[in-house]
Amino acid sequence: MGEKREGLKFYRCNTCGNLFFVMIDPDVRPSCCGNEMEVIDTIHGTEGSEKHAPIIELNQNDTEVQVGLQLHAMEPEHRIEWVALTDGERVEIQKLGLSTPPVVKFSKMNGAGKVRAYAFCNIHGLWESEK
Ligand SMILES: [Fe+2]
């Protein structure tokens with residue numbers, strides 16, 4: 001058994017592109033298309049952060065997540081595919097279209113723990129930040 005971790009863990013199927021996430025991590029690798037799925041490693045602030053790290057804004061009635069201090073590109077060949085948000089009790093995931101900037105309004109998060117946001121760039125991978 002691995003060390004208990006907080007936040008979400010994402011898995012990808014390299015054959016069909018299926019995406020799984022786990023909220024309660026039993027440390028068992030899910031399978032898809034007959035193969036074990038691969039964990040998508042999360043990147044925390046590093047080079048490229050200014051265009052990828054999700055910025056979480058906790059508002060009175062909602063939670064807003066913006067991808068990148070400088071908004072990330074939304075081109076067919078380079079874009080943010082989805083953004084996810086969790087407070088440890090609830091998870092919301094939003095797929096993004098090409099014509100909209102990577103700014104997403106989620107519900108107000110009421111969990112007692114930290115709020116974590118994830119943004120998936122088709123080229124630069126999965127970025128995580130917390131608030
Ligand atoms: Fe990117």
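Student: Which residue of β10 does Ala-84 stand opposite?

Tutor: In this predicted model, β9 pairs with strand β10 (residues 91-95) in the antiparallel sense, over 5 bridges. Within that pairing, the residue of β10 opposite Ala-84 is Ile-93.

Student: Which residue in the turn of the hairpin formed by β9 and β10 has a positive phi?

Tutor: The hairpin of β9 and β10 has 4 residues between its strands. In the turn, a positive phi of about 95° belongs to Gly-88.

Student: Which residue in β12 is the bridge partner of Thr-86?

Tutor: β9 also pairs with β12, in the antiparallel sense and over 6 bridges. In β12, the bridge partner of Thr-86 is Arg-116.

Student: How many of the residues of β9 are buried?

Tutor: Trp-82 lies in strand β9 (residues 80-86). Trp-82 has 6% relative accessibility and the limit for buried is under 20%, so Trp-82 counts as buried. The strand β9 as a whole is mostly covered, and its buried residues number 6 of 7.

Student: How are the rings of Phe-10 and Trp-82 arranged: stacked, edge-to-face or tilted?

Tutor: The structure holds 4 aromatic pairs. For Phe-10 and Trp-82, the ring centres are 4.8 Å apart and the planes stand at 35°. Stacked requires planes under 30 degrees apart and edge-to-face requires over 60, so the pair of Phe-10 and Trp-82 is tilted.

Student: How many residues apart in sequence are the parts that this pair ties together?

Tutor: Both Phe-10 and Trp-82 are buried. Phe-10 lies in strand β1 and Trp-82 in strand β9, so the pair ties together parts whose separation in sequence is 72 residues.

Student: What is the arrangement of the rings of Trp-82 and Phe-120?

Tutor: Trp-82 in strand β9 and Phe-120 in strand β12 (residues 116-121) are 38 residues apart, and their pair links distant parts of the chain. Phe-120 counts as buried, at 8% relative accessibility. The ring centres of Trp-82 and Phe-120 are 5.5 Å apart and the planes are at 10°, so the pair is stacked.

Student: What share of the area that domain 1 buries against domain 2 do Phe-10, Phe-21 and Met-23 supply?

Tutor: The protein chain is divided into domain 1 (9-39) and domain 2 (42-130), and the contact takes 5 residues from domain 1 and 11 residues from domain 2. Between them the domains bury about 550 Å², with 88% of it on carbon and sulfur atoms. On the side of domain 1, Phe-10, Phe-21 and Met-23 supply more than any other three residues, namely 76%.

Student: Is Lys-9 buried or exposed?

Tutor: Lys-9 is found in strand β1. Beyond its neighbours within four places in sequence, Lys-9 is in contact with Phe-20, Phe-21, Val-22, Asp-25, Asp-27 and Val-39. At 15% relative accessibility, Lys-9 counts as buried.

Student: What is the phi of Cys-33?

Tutor: Cys-33 is found in the loop between β3 (31-32) and β4 (35-36), and at 45% relative accessibility it counts as partly exposed. Most residues other than glycine have a negative phi. Cys-33 is not a glycine, yet its phi is positive, at about 55°.

Student: What spacing do the donors of the iron ion follow along the chain?

Tutor: The protein donors are His-52 (NE2), His-72 (NE2), His-78 (NE2), Cys-121 (SG) and His-124 (ND1), lying 2.1 to 2.4 Å from the iron ion. Among them, Cys-121 is buried with a relative accessible area of 0%, whereas His-124 is partly exposed at 36% relative accessibility. Along the chain, the donors follow the spacing H-x19-H-x5-H-x42-C-x2-H.

Note on methods: Residues numbered from 1 in each chain as written. Predicted model: local features only at pLDDT ≥ 70, side-chain atom pairs only at ≥ 80, totals over all residues. Heavy atoms only, no water. Phe/Tyr/Trp six-rings, centres within 6.5 Å; stacked < 30°, edge-to-face > 60°. Helix = DSSP H or I, 4+ residues; strand = E, 2+ residues; numbered from the N terminus. Buried < 20%, exposed > 50% of the residue type's maximum accessible area, 1.4 Å probe, protein only. Donors = N, O, S within 2.8 Å, 3.2 Å for Na, K, Ca; no water. Domains from an automatic or database assignment. Contact = heavy atoms within 4.5 Å. Buried area = accessible area lost by both parts, 1.4 Å probe. Pairing = 2+ DSSP bridges.
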